[in-house]
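Keep the 3D view open while you read.

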Amino acid sequence: MDQHTDNTDRHFLGQQKTEGVNEYSREHPIVLVPFLFVWLVVTGGLSFGLFLIIHMEGVAQSFWGPFSVLVTVILLTTVQHIFALRVFNYYLDMVILTSYRVINIHKSLFLYDSKEFIDLNEIQDIKKVQEGIWPNLLNYGNLTIHVATMNDPMTLHHIPKPDYYLHKINGAKRDYIAERRRQKYGNGNANNEQNDAYPQDSPFTEINL
Amino acid sequence: MALLILNIFIHIVSISFALLVVARIYSHVQKYRFEKSAQDRLLKLFHFRWVVWIYLVVILSSAVASSLIIYSLNP
């Protein structure tokens, strides 16, 4: 990341001036499979029912024929809306790893909108859980991040390539801690060699930690 | 005829809801501006836009098809 680039609100609202985005992820698409299966069964069943009603003899002359078609169409439309909302919610949930923190965004279009932040410096322990046939076959799992100041750990569910993100978070944490040490000791000591790498106008001096 | 009018009314509500959903999606997406690069492969905004378009097409075609079916059964 270019140290002199102003990243304020660059990639997401609330991004700090010197904060760079390292990685981001959504849940593994496998979470949509149960909904896809239910959608296929219900849509197929209702479409078949609609087909039968239309091809029944004398259906056009009665009131109940078109009425049954209307009810079936309403059900079909409702199922399409519900399934589409579930897919959209999948896209809105996101985990962002920046150079300072881990951000877990849990959002739906209408019902909830929550964000959880963990400062990389506060991370005590990260646990990767990848149990079962499908998680190991399709390479997804949960990452649990323990923080001393929080009672409950932050769990990132169904993360694809959990090993990759585990190493990314660990690497970002190490870099962040090294940066803070440089800030703390490097800028105050005129004889320190690292002062050359972080001059007085470095954006790192502007972070309010 | 009454059923046809009821069907059209229901689908006007359905399409309005779909447009509201799309408006909320785009207002949310505008808060995130990840550049197109190798690092950003997971955002898949392109796929997301396709999903939105498919959703609108399904809802609109459902409205048209149901109206035609009900009209053909009971004009």
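Between them, chain A and chain B bury about 3,700 Å², and 69% of this lies on carbon and sulfur atoms. Buried area here is the accessible area (1.4 Å probe) that two parts lose on being put together, summed over both. On the side of chain A, the residues that lose the most area to chain B are A:Tyr24, A:His81 and A:Phe88, together 19% of what that side buries. The contact takes 41 residues from chain A and 37 residues from chain B, where contact means heavy atoms within 4.5 Å.

Before going further, a word on the source: this is a predicted model, in which local features need pLDDT of at least 70, side-chain atom pairs count only at pLDDT 80 or more, and totals for chains, interfaces and linings use all residues. Residues are numbered from 1 along each chain as its sequence is written, chains are lettered from A and ligands numbered from 1 in the order in which they are written, and side-chain values use heavy atoms, with hydrogens and water left out.

**Helices that pack**

Helices (H or I, at least four residues) and strands (E, at least two) are DSSP runs, numbered from the N terminus. Axes are lines fitted to C-alpha atoms, for helices over the stretch in contact, and angles run from 0 to 180 degrees between N-to-C directions. Two helix pairs can be set side by side:

| Helix pair | Angle | Axes apart |
|---|---|---|
| Helix 1 (residues 33-54) of chain A and helix 2 (residues 64-92) of chain A | about 165° | 10 Å |
| Helix 2 of chain A and helix 1 (residues 2-29) of chain B | about 5° | 11 Å |

**Sheets in chain A**

Two strands pair if DSSP finds at least two bridges between them. An open sheet of 3 strands in chain A has the order 5-6-7, with antiparallel pairing. Its edge strands are strand 5 (123-129) and strand 7 (154-160) of chain A, each pairing on one side only. Strand 6 (residues 140-147) of chain A is joined to strand 7 of chain A by 5 bridges, and A:Ile145 stands opposite A:Met154 in strand 7 of chain A.

An open sheet of 4 strands in chain A, also with antiparallel pairing, has the order 1-2-3-4. Within chain A, strand 2 (residues 94-98) and strand 3 (residues 101-107) pair over 4 bridges, and A:Ile96 has A:Ile103 as its bridge partner in strand 3 of chain A.
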